[in-house]
Amino acid sequence: MEKEMRGDEEEVAGKGEGEEMCFGRGFLEVSGAGGAVKEIASRVLFFARNFCKQPMPIVKCTSEGNEAYVASSSSKEHTSLSNILISDARIIYCTAPALGHNKESHPESSLRVPAITNALEKMELTPKFRHSDVVELKDFQPASIDDIARVHTRSYVAGLEKAMSKASEEGLIFIDESGPTYATKTTFQESLIAAGAGISLIDSVVAESKSSLNPPIGFALVRPPGHHAIPEGPMGFCVFGNIAVAARYAQEVHGLKRVFIIDFDVHHGNGTCDAFYDDPDIFFISTHQAGSYPGTGKIEQVGKGSGEGTTLNLPLPGGSGDNIMRAVFDEIIAPSAQRFKPDIILVSAGYDAHVLDPLAGLQFTTSTYYMLASNIKELAKVLCGGRCVFFLEGGYNLQSLSYSVADTFYALLGEPSIALQFDNPAALFEEPFTKAKEAIMKTKQIHSL
C-alpha cells in the first residue's frame, strides 16, 4: 500500500460418534466424531475460569463411561452450565494486543489495541464499571494448528512457524512479497492467540444462545488483523484469517452451517473472499473503497461453482460516508442477510474507512460505525438468535479507531452514541451520491435484490 502501505489440570475424554458432553445435570449434544467432543472439552476450563460465579479451586474435565463433564473439587456434583456462564452480559470481548508483533513507524503497530482498551476504560465501558453487562474473557486458549488449517494450508503454517527462527535472529522479517506484512519472533504465537480469541468468543456466544434469546455480542479486539491473509499465505498486514478460522470452527464444531460475514473495512477482504468463494454456506459481503488495496473485490465477483451468488462485493466511490453506508445497509446488507437466513453473523470490523484514517479516502464517521453496529445487532437478533461476533481488522488513526470502537460498544449496549463528542461535520465534503447509487443499483441487479 503506498498511501495504504499497499496494504489451568484437565483430562479430556470422548469416544465415538454421537457423544454428549455433560455440564452437570444438563447435556450439550455434540454431533459428529469424537474429535469434535474433544475439541469442545478442551475448552471447558476456559468457561470455568471466565464465567464461574463461585470459587472453583480445581476444575477438571473428566469422564464417566462415555460422558465427559466438568467437576469441581469443592463439590461432588457436576457443575451446571448455568452456574458457569454469566447470562446477563451484553458484550463479551477478548483482547490480544500482540505487543511483540511490532515494527516502528508501521501503521499496524502494537499501539492499536491498547489505544482501544484505554478508551474503553476512559469511557467506563469495561467490566470495572459495567460489571456483568460487559465481560472480558481472559486466559483463553490460542488456536490450534488444526484450527488454522481449516482455512490455511499446512505448508504455509509450518513455513511461518519455521521462519520464527530467522525472525529471532534478525529481529524483524517481511513475510509476503508485497512488503508491508512483517514478522517478529513472537508473530506466530501471537497470531495463534488472536485466532484463539475469536474461537473462544464463538464458544461463549453459542453457549449463551442456548439459554437466552438475547445472548451477548462478542468482540475480538485482536491483532494482527486477518481479512487479507489468503489460504496460502500472509498479505496486507494480515497473518491468519481470524474471522475465516472462526467461521469454519462455528460450522464444524458447533454445527452452525450458514455463516453470514459482513466486512466493512475500507479495503476488500480478499483473504476471506478467497477462502469461501465456492462455498454456498458462507455468504461473504464486502463494502470497500473502489480502487483501493489490494485491487480485488470487483462488483462482478460473485463466487463460483456451488458458491456462485454467495459472494457480494460492493466497491464504493471515494468520499462515500454515512449517508451512502446507511443506504448500503438498508438496500444491500439487510436484504442479503434476510434471504440467506444465517445461523450466525460474523463481522470484519475495520475502522479505516473513517475520514481521519490515513490509509484510504472514505468519509465514515464515528456515528457511521454506531449505526452499523446497532443495525447488525438487530439483524442478528431477528435472523439468528442474536449470535454475532465482531473481529477487529483495520484502523490506523489511533484516536478515530478507539472512539469508533467505543461507540460500537455503546451501540451494542443499546445506549446513545458519543459521536458528537468526536465527529466534526465541518470537515466533511459532499458524498458522491450519483456514483454510489449506480453501484448500489448494479449490485441489486446482479444479486436480484
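Colleague: Is Lys 442 buried, partly exposed or exposed?

Modeller: Lys 442 counts as partly exposed, at 37% relative accessibility. Buried means under 20% relative accessible area, exposed means over 50%, and partly exposed is in between (1.4 Å probe, protein chains only). Before we go on: this is a predicted model, where local features need pLDDT of at least 70, side-chain atom pairs count only at pLDDT 80 or more, and totals for chains, interfaces and linings use all residues. Residues are numbered from 1 along each chain as its sequence is written, and side-chain values use heavy atoms, with hydrogens and water left out.

Colleague: OK. Which residue forms a salt bridge with Lys 442?

Modeller: Glu 300 does, with the closest N and O atoms 3.1 Å apart. The two sit in distant parts of the chain, 142 residues apart: Glu 300 is in the loop between β11 and β12 (311–316), and Lys 442 is in helix α14 (residues 433–446). A salt bridge here is a side-chain nitrogen of Lys or Arg within 4 Å of a carboxyl oxygen of Asp or Glu. The helices (H or I, at least four residues) and strands (E, at least two) are DSSP runs, numbered from the N terminus.

Colleague: How many salt bridges does that rule give?

Modeller: The count comes to 13. One of them pairs Arg 258 with Asp 281, with 3.6 Å between the closest N and O atoms. Arg 258 lies in the loop between α9 (242–254) and β10 (259–263) and Asp 281 in the loop between α10 (270–275) and β11 (282–289), so this pair ties together parts 23 residues apart in sequence.

Colleague: And are those two buried or partly exposed?

Modeller: One of each. Arg 258 is partly exposed at 26% relative accessibility, while Asp 281 is buried at 18%.

Colleague: Which helix holds both Asp 322 and Arg 326?

Modeller: Helix α11 (residues 322–340), where the two are four residues apart, about one turn of the helix. Asp 322 is buried at 15% relative accessibility, and Arg 326 is partly exposed at 37%. There's also a network of salt bridges linking Glu 108, Arg 112 and Arg 223.

Colleague: Switching topic: at what angle do α8 and α9 pack?

Modeller: About 40°, with the axes of α8 (residues 187–209) and α9 9 Å apart. Axes are lines fitted to C-alpha atoms, for helices over the stretch in contact, and angles run from 0 to 180 degrees between N-to-C directions. That makes α8 oblique to α9. Angles under 35 degrees count as roughly parallel, over 145 as roughly antiparallel, 65 to 115 as roughly perpendicular, and the rest as oblique.

Colleague: Which residues of α8 and α9 make the contact?

Modeller: Among them are Ala 195, Ile 199 and Ile 202 of α8, and Val 245, Ala 246 and Tyr 249 of α9. Contact means heavy atoms within 4.5 Å. Ile 199 is buried, at 0% relative accessibility. The C-alpha atoms of Ile 199 and Tyr 249 are separated by 7.0 Å, and these residues are 50 apart along the chain.

Colleague: Last one: what does Ser 404 touch?

Modeller: Tyr 351, His 354, Thr 366 and Tyr 369, not counting residues up to four places away in sequence. Ser 404 lies in helix α13 (residues 398–413) and is buried, at 0% relative accessibility.
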